[in-house]
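Please consider it alongside the coordinates.

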Amino acid sequence: MNIGRFGPYVRYGGKYVSLKGEDDPYTLSPERALELVAEHKAVNASKVIQAFPNSPVQVLRGRFGPYITDGKRNARVPKGREPDSLALAECERLLQEAPAKKTRRRVVRKTA
């Protein structure tokens, strides 16, 4: 249990779980910490909607709705379409049509 830049958290196996508003970081019991870790693991496990065998393509639940990813590019699931009903060929086509990720370039300013 630590207090970091973005608030208190519990660290387990190299991963982090933020504490809820009602949890006091100074009086947090080990049992409550284990409950938070279990909740976090359950949320991460329910993130995958569909995974295709022998392919890196997955359909995932995201913060802004379901999306398709291959680890390099992301594509939106078309509106009105159920993410469970997508086929691998359609997912690959949507990934190819998706715009490339924007790169963040750091601007270096020269001083006089």
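1. A salt bridge is here a side-chain nitrogen of Lys or Arg within 4 Å of a carboxyl oxygen of Asp or Glu. By this rule the protein holds seven salt bridges. The model is predicted: local features need pLDDT of at least 70, side-chain atom pairs count only at pLDDT 80 or more, and totals for chains, interfaces and linings use all residues. Residues are numbered from 1 along each chain as its sequence is written, and side-chain values use heavy atoms, with hydrogens and water left out.

2. On the overall fold, two helices and seven strands are assigned; these are DSSP runs numbered from the N terminus, with helices (H or I) of at least four residues and strands (E) of at least two. Their order from the N terminus is β-β-β-α-β-β-β-β-α. The radius of gyration is 20 Å, well over the 13 Å that the globule rule gives for 112 residues, so the protein is more spread out than a compact globule. That radius is taken over C-alpha atoms, and the globule rule is 2.2 Å times the number of residues to the power 0.38. Along the principal axes, the C-alpha atoms fill a box of roughly 55 × 50 × 30 Å.

3. Accessible areas come from the Shrake-Rupley method with a 1.4 Å probe, and for residues only the protein chains shown count as cover. Of the 112 residues, 27% count as buried; buried means under 20% relative accessible area, exposed over 50%, and partly exposed in between (1.4 Å probe, protein chains only). Contact is defined as heavy atoms within 4.5 Å. Among contacts between residues at least 6 apart in sequence, 29% join residues at least 24 apart.

4. Where does Asp23 lie? Asp23 is placed in the loop between strand E3 (15-18) and helix H1 (30-45). With a relative accessible area of 11%, Asp23 is buried. Not counting residues up to four places away in sequence, Asp23 touches Leu28, Arg32 and Leu36. The contact with Arg32 includes a salt bridge between the two side chains, at 3.1 Å from N to O. Arg32 likewise counts as buried, because its relative accessibility is 18%.

5. Arg32 also forms a salt bridge with Glu39, whose closest N and O atoms are 3.9 Å apart. Glu39 is partly exposed, with a relative accessible area of 36%. A further pair, Arg93 and Glu97, meets in a salt bridge at 3.3 Å from N to O. Both residues lie in helix H2 (residues 88-97), four residues apart, which is about one turn of the helix. Arg93 counts as partly exposed at 39% relative accessibility, whereas Glu97 counts as exposed at 54%. Elsewhere, salt bridges that share partners join Glu22, Asp23, Arg32, Glu35 and Glu39 into one network.

6. Which residues make up the largest nonpolar core? This core has 11 residues: Phe52, Val57, Val59, Ile68, Ala75, Val77, Leu86, Cys91, Leu94, Leu95 and Ala98. Helix H2 gives the most to this core, with three residues. A nonpolar core is a set of buried Ala, Val, Leu, Ile, Met, Phe, Trp, Tyr and Cys residues joined through side-chain atoms within 4.5 Å. Leaving aside neighbours within four places in sequence, Leu94 is in contact with Ile68, Ala75, Arg76 and Pro78. A second, separate core has eight residues, among them Val17, Leu28, Leu36 and Val37.

7. Met1 is found in the segment before strand E1 (2-4) and counts as partly exposed at 42% relative accessibility. Together with Ile3 and Tyr26, Met1 forms a nonpolar surface patch of about 380 Å² of accessible area. Patches are made of residues with over 30% relative accessible area and no salt bridge; like charges are joined within 9 Å, and nonpolar side chains (Val, Leu, Ile, Met, Phe, Trp, Tyr) within 5 Å. Leaving aside neighbours within four places in sequence, Met1 is in contact with Tyr9, Val10, Leu19, Pro25 and Leu28. The C-alpha atoms of Met1 and Gln58, 57 residues apart along the chain, are separated by 33 Å.
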